[in-house]
Amino acid sequence: MNTAAATGSASCRFAHYFVVCGVDTETGLEPDDGAGEGFEHSPVRRSFKSKVLAHYPENTDRNPFNKDAVNMLCMPRGLSFRTQADRLDPQFHSFTISFDDGTRSYGFVHTFYEEVTSPQIITAMQTLCQMHHVEHHSSSLASSPSSSSSSASSPSTSSMDSLASSSDESDVESLAGVSGCFGCVGSFDSTRDTLYVSKALCLVTPLPFLQASRQFLVQLHQAVTSQTAPPLPLESYIHNILYEVPLPPPGRSLRFHGVQGPILCQRPGPGELPLGEYPLGDAFSLLGVDNMVKLLTCALLETQVLLYSSDYQRLMTVAEGINTLLFPFQWQHIYLPIISAPLHHLLDAPVPFLMGIQRRDGAQRSSLNLPHEANLCFVDIDNHCVEAPEDLPQFPDQTELIQELSEVLLQFGLPPQGGVIAKPTTTSSSSPRLSSLVLEDLMEDRRNGNLGGEELAVLERLQALARRCGGGKMSDGGKTLGHVFEEEEEELKAAKLNIQLREVFAGHFAAMFGRYDDFVIHSALDLDSWLSNREGMFNFDKGSFLSVQPTSHLHFLSRFLETSMFSSFVDGKVISRWADREPLQQLFDSRLERERLYDTGSEDSCGCLYRKCTTLFESGQAIERRLLKADHTAIHPHLLDMRIGQGRHHPGYFPKLQADVLAQAQNTNKWSSRVTASRRSEPKRSTVSDQSGVDNEQRQKYTFARKNLRQSKLLDLTPQAITQTHREFVDGLLSECRLKTKRMLKERMGKESVELGQGEASITGLQENTLIHGLCDLLERTWGHGLQVKQGKSALWSHLLHYQAAQGKMEAPAESPGSNCSDQRTVDDGALPLRGLLVQDMRFIQTMSEGLSDVGQARAWIHLALEKKMLSQHLKELLTNQELLRQLYKPHAFLLCEEEREQFLFHLLSLNTVDYLCFTRVFTSVCIPYRVVIIPMKKLSIAMATVDPWVCVSGELGDSGVRQIPKNTQEIFFQCKNLGRLSTLQLGQENSGLLAKCLIDCVMVYNEITGHTYKFPCGRWLGKGVGDGSLERVLIGQLVSPGAEEDAGRLTGTPPPELASPSQSVRIVLGSLGSRSRMLSVEVQEDMREAVNNLVKHFHKPEQERGNLTVLLCGEGGLVLCLEKFLLHGLKSNRLFQRNVFVWDFVEKAVASMETADQMGDLHGSILTKGPPCDLLCHYVSAINASPRNIGKEGKFQLFVCLGIRDRLLSLWLPLLADCPLTARTYEDGALLRDRAAVHSLSRMLHTLNEFIITLETALVKGVDL
C-alpha cells in the first residue's frame, strides 16, 4: 500500500478547482434576460443571474479559470428560488469545457437550496411578488373572472427550476396542496414564508471522475446540513482534494477521504480503453439499443446532433456515452452537451455539432425554431426517441451488433428496447457514514484486500443478514450495512457494464479498420512540408480501401471516410513518423497488432464475417480488481493554519471559506514526508490526459494548424466574441466549399480519365454520390446559417419556395397557365423547353411523383442543377433578390456577406468543368422527355423522304420501346421513364422497297430535363440492295456534353471534332484492298489483347464502378471490331465474294463447307472432328440467319460474337474456322487466321473471359432465341 500526494503541478492533481456559485447579496437580484422567460411567471418562478462566489485556487498553469463559462454551466438556468412549500431536493449534474488544443476538463455540480438570510434579497423578492400580484390581478379582472382562476390553478410549477431532472407531477401536487393556504401559487410573503435560493458546489477535474467527485460533493453538503460539526473544518477537505490528492497512476486505484468516509477512484491501464465513468447503462436504458446505434451512426458521420431533455445530467450521460463509444476516433467539432439560453445562438452554427438543450416545462419539439434540420439528428431523451436525418446509411453489421449489445445488457438485467427511466439525479440526503468505526474499518479492509478468509466470511454473513432483515438502520443518520454493500455492488456493476459495452464497439471498429495502415499514404519528407501541402495531399487510399470491404458496408464507409474525425485519425498516423502518436491511436494500433498475432484465419481477413468481442470477461476483471482493492491511499485531510474563529459550523449554511488557506498548497513539515510515493511516479505523468495527446512541439504545431474554430471562445457571451464566432463560421464555410469542390474536381477528373482508358479506377460511383451528398449538406448548412424564417426542414428549399412565390407575383400576368412543367410542352421546330431557368427546374422537381420531402426536393434540385452545369448560376440568380435575403436572414448570416458569397459561387462554378450524371442515376423512376433527331449525310439528306424510320432507345435502366418517327420528319419527341445513361439505339425502317434507302451519319438523342446530348454514330446505309442490305442497325452511344456544344449540333448533327465515331474505324477497315494488306499483324494482335484486357478489368472492378459492357463489346476498340480486323487480315482479293467484303460472308461459307464436307464424309483427312463445338457453330449461324430481324451482315457478325462470348463458345469456334479447308483458299499465307500460334493465343485470351457471367442488352439479342 502506497501513500500518495499531489503537491506538484496542477496537471498531476485529482482536481483543478473548487467553485461555489449562488446569489451575490451585494449586487442583489438581477433578472436573467437570457433565460427566455416572460413576466407572466411569478418572481419566485423566474430566473435570476448567479455569480461565482468563490473559486480556489485563483488559477492553474495550463487551465486558466473561465469565470463566466463555469458560472453559466454550473447554473445553466440561473438562480432558482423556492419556499418551504416546494420540494428542496438537492440535484446533481456535470458539464465539460473544451479547449483549443482538443483537451477537456470536467465539472461536477451539486446544487442544493439554502435559506436566504439577506434582508435585502427577501425585501426585493417581496416587492417583486407584490408588483406581480397587482399586475396579474388587474389583467385578470380586465379579461374575465374565469381566466384568472384557471391561470391560478395551472401554474408552470418548475419553470425556474435550474435542474429539473425527475418528474414534476409531485411539484404540482405539493403546490396544489398549499395553494389554498398561501393564496396563488408561486407567491411569497416574508411574514409567513421561508425563502430558499439555489447554491452550487462544483469540482473541476482534468478527467471524468464522475463517481468520486459526486461522492465528495455529496459528503461535503451532508456535512453542512448535519446538526453535528464535521471532524475538521471544510477547508481541510477542500484543500486536501485540491492539493494533496493526486491522479491515480494508470492501471491503479486511489483512495482518498471525504468528510464522511473514504472515496475510491481508478484509472485504466496502458492497454485498456480510456477512462469513461458516465453510465452507458443509463444511456441505453433511456434510448434503447437500436436508437443508441442510430445515434452513434449519426455522430460518426458528423451530422448535427441535438440532445433534448429536462434533465441536464441526462444530456451529459448520453453525450459522454456517445463520445466514449467513438474510440479510436474523436469528435472534432462543437461539443457542448449543455447550452443555456444565452448560448442558443450556437444553434445557428453551420458546422457539425453535438449540443444539448434543456426542455422547458410543457415544451414540445415543434416549439424549437431550429435553422438546421436537413442533416440534424434530434434526440428526445425523455421520450426515448431519435429522429435521424434522411437516407442515413446502416451501421456495418448493425443487426449482429445490436444482438451482441442486447446480450450484454440482458446479462446485467437491463432491457435492450430501452424506455426505462434512469435513476433520478437527485442526491440522497441521508448520510453514508457508518456509525460504527469498527464496521468502517472492516469495509476499508475489505476494499484493500486485507481481510483473511475468516474475517471475510464474517463480513459476508453480516451482509447477507442485513439484506434478509431489510437493512434496519444502524443508528440515526447512518446508512444500513446492506445499503453500503448495495451501493458498492451497483458501482461495480455499472463500471463492468460500461467497459463491456465499450469493448463491443472497440472490437467492431478493430474488425472494420484492422488493416487501415496498409492504405495510409506517406508522401511527405518532413512535417513542415506535409503541413504546407496538406490540403493538396491524399493521405489515405479510399478507393482501394473500399474495394476490399463487404458490399453492405460501403454506403456507411464511403461517407465515414470523408469525415473530419477519420481525416484527423489518418493525419495522426502520418504525423507519427515525426512525433509521438496520440494515446488513443497508440492504444488502437497496439490492439490491432495484438489481434494480428492471434488471428490465424485468413478467410475472415476481409471482415466479411461478424466476430463477437472476446475480451469482455478480461476487461471486466481488471476494473473489478481495482475497485475492490485500493492500490494507493492519498494523504488524509488535516488541520490547516487557519485563523481562530474560522471554519465554524452553521447547520444548513455553506460557510464562507477562508481564502488564504485555499489559495495555494500548504507544505508543512508534518505532512511533507508523506509525498515521497507521488514523486517517485512523477516521470509517468506525461500520460495524465488520457484523451488529450502528448505535449510536444511537433504535435502542437499540427494541432493548431488543423483547428479553425476556437472552442474556448464559444462560451464567451460578449457581443464581440459572438460576432467573431460567426465570422469564423463564415470563413469556415468558404474554406469547406473550396476544399469540397477541389476534391470533387480531382476525383471526377480521375474518373473521366478511367472512362477514357487513361488509368486505373480512382473512385467508385458510390464515392461520387458521397461527395455530392457532402455538397448537398454543405449547401443546407450554408443556407441555414443565420436563418430566421423557414418553411419545412430544408433551409435551401425554403429559400427557393420564397423566391418562387416572389417570382410568381412578379410574373403572374406573363406566364401562361399551361407551362407548369417542361415535360408537358409540345415540341415544334425550335420551340424547345427552355432549360436553365431556376423556377422551371423547381417546378419539374415539384411535379416528380417520388413523394419527396422538403430535404429530398432540395437534394433533387441540387443534383439536377449540378448535372445541367447550372448550380452556380441558379444560386446566383436566387441571391439577386436582396430584399428577400434581408427578410429571411439575420445580419450575421453567410448569405449577407457579399465578398464571401461571391467566392462561394465561384468555387461552385468550377464544377461546370466536369460532367455528372447524378440526377439521372439517383432519381430513376422520374418521367423524362426525350428528343431524337436522325442526321443523314448532308448531300444525301433528301433520301430521308423515301424511308419510314423507327427508333428504340436503350439505357442502363431500360428502353423506350419502338417509337415510329412521323413521315417527312427527322425527329421525334416522347416521354418515358428515366432510361439512365443511354447505351444503345436501334434504328430501322419498315419500307423494304429498293428506293427506300438512306446513308445515315448519326442519331442524336437529347434529354430535355438534364440537357445531356448523346451521339449514336452510324456512317452506314439503311436499306436493301446497298451496303450490307441492313434494314435495322444497333448503334452504340456516346455522351457528348450538356450545354453549349449540343446547341450547335442540335439540327445539323455535326459531331464535336474530338470524338471519333466507330463508323470511321469501320470505314478504314473496309476500305481498299491495298490498305487491308498493309494492316500490320502486330497492331491487330495488340488491339485484340487490349479489347480482351478491358473486358477482364471491367469484371474485376466492384459492380458499382463498372462502365458500359456494350461499349466494351461493340463500341470503338471493342471486341467485335477488333475480331473483325483479325479476320479481315490477309483476306485474299474479292474473287470469291461480291463488291464489298464482309466477315460474315466468310463465316457463312465456312459453316456451309463444314456441313457439306460432313455430309460427304470428307473430314477424314482433316483435323476437324465432328463434335459439339462444330454442331453449335452451325446451329448458331443458322439461328442468326433465320432471325426475323433484318440486321445486315455487320449486325449478324456482331450478334455472332456477342452470343459466342456470352455462351463461352467463341474460344472454341475460332480454331474450327482456322482449320476449315476453305480458310486456306480464302486467306493469304501470312494471314493471322492461318498462323496457328496467333489463333492459339487468341483462343486462350478469349478463354479467360469464360469465368465471367456476361449479360447482353436486350437490343443486341432481340429476335434470336438461343
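**Entry 1**

I began with F14, which is buried at a relative accessible area of 0%. The model I am reading is a predicted one. I then looked up F256, and F256 also counts as buried, at 0% relative accessibility. The cut-off for buried is under 20% relative accessible area, so a value of 0% qualifies.

I counted aromatic pairs next, and the count comes to 37. F14 and F256 form an aromatic pair, with 5.1 Å from centre to centre and 50° between the planes, and the pair is tilted.

**Entry 1: another aromatic pair**

I went on to F519 and F545, an edge-to-face pair with 5.4 Å centre to centre and 85° between the planes. F519 lies in the loop between α13 (481-512) and α14 (527-532), and F545 lies in helix α15 (residues 542-547), so this pair ties together parts 26 residues apart in sequence. I noted that F519 and F545 are buried.

How many of the 12 residues of strand β6 are buried? I found 11, so β6 (residues 104-115) is largely enclosed by the rest of the structure.

I then looked for its partners. Strand β5 (residues 91-98) pairs with β6 in the antiparallel sense, over eight bridges. These two strands form a hairpin with five residues between them. In the turn, G102 has a positive phi of about 95°. Strand β7 (residues 195-205) also runs antiparallel to β6, and 10 bridges join them.

I used F108 in β6 as a reference point. S94 stands opposite F108, and in β7 the bridge partner of F108 is L203.

I also looked at R104, which lies over the face of Y335, at 4.1 Å from the ring centre.

**Entry 2: helix α38**

Is helix α38 mostly enclosed or open? I looked up its 10 residues (1119-1128) and nine of them are buried, so the helix is largely enclosed by the rest of the structure. The buried residues include L1119, V1120, L1121, C1122 and L1123. E1124 is buried too, as are F1126, L1127 and L1128. After α38 comes G1130, and the phi of G1130 is positive, near 75°.

Methods:
Residues are numbered from 1 along each chain as its sequence is written. This is a predicted model: local features need pLDDT of at least 70, side-chain atom pairs count only at pLDDT 80 or more; totals for chains, interfaces and linings use all residues. Side-chain values use heavy atoms; hydrogens and water are left out. Buried means under 20% relative accessible area, exposed over 50%, partly exposed in between (1.4 Å probe, protein chains only). Helices (H or I, at least four residues) and strands (E, at least two) are DSSP runs, numbered from the N terminus. Two strands pair if DSSP finds at least two bridges between them. Rings of Phe, Tyr and Trp (its six-membered ring) pair if their centres lie within 6.5 Å; planes under 30 degrees apart count as stacked, over 60 as edge-to-face and the rest as tilted. A charge sits over a ring if NZ of Lys or CZ of Arg is within 6 Å of the ring centre and within 35 degrees of the ring normal.
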